[in-house]
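Below is a short briefing for a reader who has not seen this structure before.

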Amino acid sequence: MISLDYDETLQAAAGHQAEEIRERIMREHPGEYVLAVEGNAPTGDGGVYCTVAGRTFLDILKESAEGAKAIIAWGSCASDGCVQAASPNPTGAKPVHEIIHSHPIINVPGCPPIAEVMTGVLTYILTFDKLPELDRFGRPKMFYGQRIHDKCYRRSYFDAGQFVETWEDDGARKGWCLYKMGCRGPMTYNSCSTFKWNNGVSFPIGSGHGCIGCSENKFWDNGPFYTRLTNVPLPGVESTPDKIGKYAAVAAGVGVAAHAASYAANQGIKKAKKNRQTKKLLESDKEE
Amino acid sequence: MAKQRVVVDPVTRIEGHLRVEAMLNESGVIGDAISSGTMWRGIELILKGRDPRDAWAFCERICGVCTTVHALASVRCVENALGIRIPENANIIRNIMFLTQMVQDHVIHFYHLHALDWVDLVSALGADPSKTAALAQSVSPSWPKSSPGYFADIQKTLKKFVESGQLGLFQNAYWGHPAYKLPAEANLMAVAHYLEALNWQKEIIKIHTIFGGKNPHPNYLVGGMASTIDLQSDNAINMERLNMIRDLIKQAAVIVEQMYIPDLLAVASFYPEWTQIGGGLGNYMVYGDLPAKDISDASSFRFPPGVILNKNLSEVLAVDPTNPEEIREEVTHSWYEYPDQVASLHPWDGVTVPKYTGPKPPYSQLDETGTYSWLKSPRWKGHAVEVGPLARMLVGYAHGRDDFREVVNEALGRLNVPATALFSTLGRTAARGLETRLGIKWLQDEFDHLIGNLKGGDTLVADTSRWEPSTWPGEARGFGFTEAPRGSLGHWIHIKNEKIESYQIVVPSTWNASPKDARGQKGAYEAALVGTPMADPERPVEILRTIHSFDPCLACASHVLGPDGRKLAEVIVR
Amino acid sequence: MARRVHPINIIDVARSPHRYFRRKYVWQWPVRIFHWVNAVAVTVLFSTGLYISHPILAPAGEPFNNFVMATVRQVHFIFAFIFLINFLWRIYWFWFGNNYARSGFPFFWRRSWWKDLFRQVGDYFSLKRGHVHLGHNALAGLSYTIFVIGLGWVQIFTGLALYSESNPGGFWSKLTGWVIPLLGGSMQTHMWHHLFAWGFIVFAILHVYIVFYDGQQYKNGLVTSMISGVKFYRNGDLENDKWLS
Ligand code: HEM
Ligand code: HEM
Ligand code: SF4
């Protein structure tokens, strides 16, 4: 049986009565409860950027994790830091797995995750009494095993080479592929293109906007969202790979041309000299 | 009774982190109070240097509850800066999404975040199901689910729940508190509808999914919407999608008119004294929203803009958020620092430099004379003002708009109270319901309007002429606003060389939950708490009633103020 | 009295080349095969790669009988594997070929290598016909090491990692999947793969020019040497290759 006992947004109790519940669970069920963390801990300046009951979230998280059987990091905030950890990360926000190292952590990223995925992970643990198999990023393989792109219903347009070019063109109305509008489907592992959202009504691509990759690590810093490639992280300058590449190729071309020109000029001078010399020789031959 | 300090932290059933400290006087009445946002995330710093077209996605994540409003304000401020006029259909779609959000949010607020302040869940166990059925039929004759069997089942579920000792989310609340006045039957009815509303709320937001791909956090687009309309395509907004929207609106109308409003009036009639408590500032401000065609035409707004001071309904003052003289933010009691000791700044010049000077955690008490919040103190021409449904209803009413007058007068008549009853905790809660009635009506109107446009052959949803950054001016400033469920929301942007130079957000809950300003004027929460009698300081349900009547959203307020380890949920595995 | 200087006369050379030039079989067939397969593969990979990134041919009609993007990607992958096998083949031949097959290796621990490197740079800039090599000179070797071997590895690993994305946990994913988290995610992997693709273009421009320049300057038959395998040299030239051993 699942019992959701402590959730600040929903619970009836408030104030220290609310905190009491948390403490009681920890006392009475050590090693039995699953701690599901939403949000993340700002670690900057000793954690003052988020406090509950006068204590830092960081503190409470560490304390609650102690007796947990496993920790579910629900959502991108908990599993990779999400928007508040985007550069320059002013509050020093850190995902759960960077704070707690002693317990198994299941990352369920997404901003937010699909509701069915969240319940799926939890009920899997309860029904089969084991933790789900995780991928390289600590995500359950059963829901994050494949890219959006590989299951996207617009994939046939991708393979055909038919792409939306502007938000109001014919392709956009016919539902062509959003690759050129910056769709992150090819880089994103999630179940959106199969489960869809809100009981299967639609999903971002289905409603005409590209995927922004919200279940991928540090997706906020992979922008701009409407270009396919992220910028090259050069300090100070902002450039796309193509821009840098073109500059480099042009520089090489100019260098080569300059060298060729000076070589040609040099050859010309040499030739003239040689001609003069030959002429002189011939003349001296004659003189002899 | 000695002076006493009551601390509520966390204030639950809100989004984000809020702490309230109330100082009781000798007679057990709140003499002074402070509200503190206890979290800060620094979204504004994160936005600097990014592509303005991406900003909506960042802003949208400020809050997980009223998810769309920040995205809306954000695309509007970028469009304003770049001089983009969105197509009429895009405006309608945004209005529909706005209203969907508002209706859903208000119903959730009433049943899931607020009702438990008025409804004693445990006493519902003693209710008689057939009497409950009779009550339900009398308050809402056409609502179908009102048989004695239905209520008996609900009661059984509840009983099992309580007996197993597993109250779950309902543990440890203030059950049995003398401030609960509803008869057991009304409590049982409310519990039943708590569950109904929980089921319904995930239906209505499918409208967001249709246009924005998902909820929470549907997609917006600078220049319009990405959801193309093509009645001849199965890959765009077409007849199937439109039918679904029409049905969802119809369903919502039933929920609101036959369940929410009757329940609201029924509960209100048991708590007449709360029309005298919690009035607070008496100053109200509305930026306005729901343009007919174009956001720059304020005269076409369904929510008219304006300011009311000192409860004076005979005069509505004009408000201009882009005027640097009108809206200024102070940080006297906040954990921020302004350059050169300036007292206040307009958001276009705003800076967000955190400087924590509060007590070192863990702490048990904040200092009301020092700094105590992650919220700034915004002021309109120096006045502290309240924003939100009550402000909107009052401004619309004071403007003399028929649709507003009709719903307000009808409700006042039903409860048999004068218009001054609106200036109260209960007035705030009622205004939310009345606004929802308008919202449902307008949803229908907007939908019909969309169909009308489609009949005329106009299917355009996005203006892409200014999509490419190369078409932008070198430098531009913009202001975007909306009336979020919790009140007026403003985004101010400064774009330079195709990038965000600065971004400032002033959210509704910052207006309402703001700490005191330099002149000692309290924020709306603080002012509303003063004068509230407390029956049992150990179980401060009265504080929750007033605070919840504002529907606090500290996630938003603390974007600025800083909420975001949003919550910590624990689940027991047995 | 003036001394007679006899410039090389093209007619004399044609009449009796052995008086002036000697032939030497330098590039064995595996090197030549590698070279041209590599050159073709890189050209195809770059152009298909760029197309993948900016697909511009939008075919008309329904998608079921159009496969433009799919085909371009398929070609990219086929040539990627050709590139890879060819690449490994050349590495194998590094050990089993002749000495010239090893001449491109950067012997950076040898002083003579550094000396040759700087001398070569100086010669190219001063436009002199300075010292001469039969194998690769140090500068050429360095450029192949950086631009072909180094970039080659980068493109192979990032490319295979991207390739493995559609089947996480599969063979390629186990082999190269770790690259993605190492670079900070798929977006970063795409970005680097794309950026370094341009490295081949920069290399090709410099390389082809230098080959033609070098051939012209040294009269060593360099341009055709990658076809025939034969380079020419004059008496005395060979001494300059000593840094190799
Ligand atoms: C000289 C070598 C190569 C060059 C110049 C090259 C170039 C490129 C370029 C420019 C792209 C477009 C990148 C983007 O914008 O996302 C690309 C994509 C790609 N390349 Fe390569 N590549 C090379 C080798 C390889 C190799 C060895 C593989 C291994 C299989 C490979 C696999 C891929 C894959 C999987 C993609 C992504 C295709 C997609 O996203 O649909 N590449 N390549
Ligand atoms: C018309 C085009 C080209 C010609 C005539 C040409 C000719 C040559 C010649 C003569 C050499 C030997 C130079 C030396 O002694 O150092 C060489 C080596 C090499 N070239 Fe090219 N090349 C061409 C294009 C390319 C291209 C496009 C690439 C690949 C990007 C390439 C990659 C290499 C490599 C890797 C070597 C070293 C060979 C080894 O040691 O195995 N070449 N090329
Ligand atoms: S819309 Fe996005 S996920 Fe779908 S096929 Fe195109 S690129 Fe892939």
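**Ligand 1**

The shell around ligand 1 is made up of 13 nonpolar, 8 polar and 2 charged residues; Ala, Val, Leu, Ile, Met, Phe, Trp, Tyr, Cys and Pro count as nonpolar, Asp, Glu, Lys and Arg as charged, and the others, Gly among them, as polar. The model is predicted: local features need pLDDT of at least 70, side-chain atom pairs count only at pLDDT 80 or more, and totals for chains, interfaces and linings use all residues. Residues are numbered from 1 along each chain as its sequence is written, chains are lettered from A and ligands numbered from 1 in the order in which they are written, and side-chain values use heavy atoms, with hydrogens and water left out.

- Ligand 1 has 23 residues around it, and C:Arg73, C:His76, C:His190, C:His193 and C:His194 come nearest (a residue is near if one of its heavy atoms lies within 4 Å).
- The site is shared between chains, because the residues that surround ligand 1 come from chains A and C.
- An oxygen atom of ligand 1 lies 2.7 Å from a polar side-chain atom of C:Arg73; a polar contact is a pair of N or O atoms within 3.5 Å.
- C:His190 also has a polar side-chain atom 2.7 Å from an oxygen atom of ligand 1, and so does C:His194, at 2.7 Å.

**Ligand 2 and its iron atom**

- Around ligand 2 there are 22 residues, of which C:His35, C:Arg90, C:His136, C:Tyr144 and C:His207 are the closest.
- By class, 14 of the shell residues around ligand 2 are nonpolar, 6 polar and 2 charged.
- C:His35 (NE2) and C:His207 (NE2) coordinate the iron atom of ligand 2 at 1.8 to 2.0 Å; donors are N, O and S atoms within 2.8 Å of the metal (3.2 Å for Na, K and Ca).
- This pair links distant parts of the chain, with C:His35 in helix H2 and C:His207 in helix H8 of chain C, 172 residues apart (helices are DSSP runs of H or I with at least four residues, strands runs of E with at least two).
- Both C:His35 and C:His207 are buried, meaning under 20% relative accessible area with a 1.4 Å probe, protein chains only.

**A sheet in chain B**

- Strands E8-E6-E10 of chain B, in that order, form an open sheet with antiparallel pairing; two strands pair if DSSP finds at least two bridges between them.
- Strand E8 (344-345) and strand E10 (377-380) of chain B each have a single partner strand, so one side of each is left without a neighbour in the sheet.
- B:Glu330 has B:Ser344 in E8(B) as its bridge partner.

Terms used. Buried means under 20% relative accessible area, exposed over 50%, partly exposed in between (1.4 Å probe, protein chains only). A polar contact is a pair of N or O atoms within 3.5 Å; within protein, one must be able to donate a hydrogen and the other to accept it, and residues adjacent in sequence count only if both atoms are side-chain atoms.
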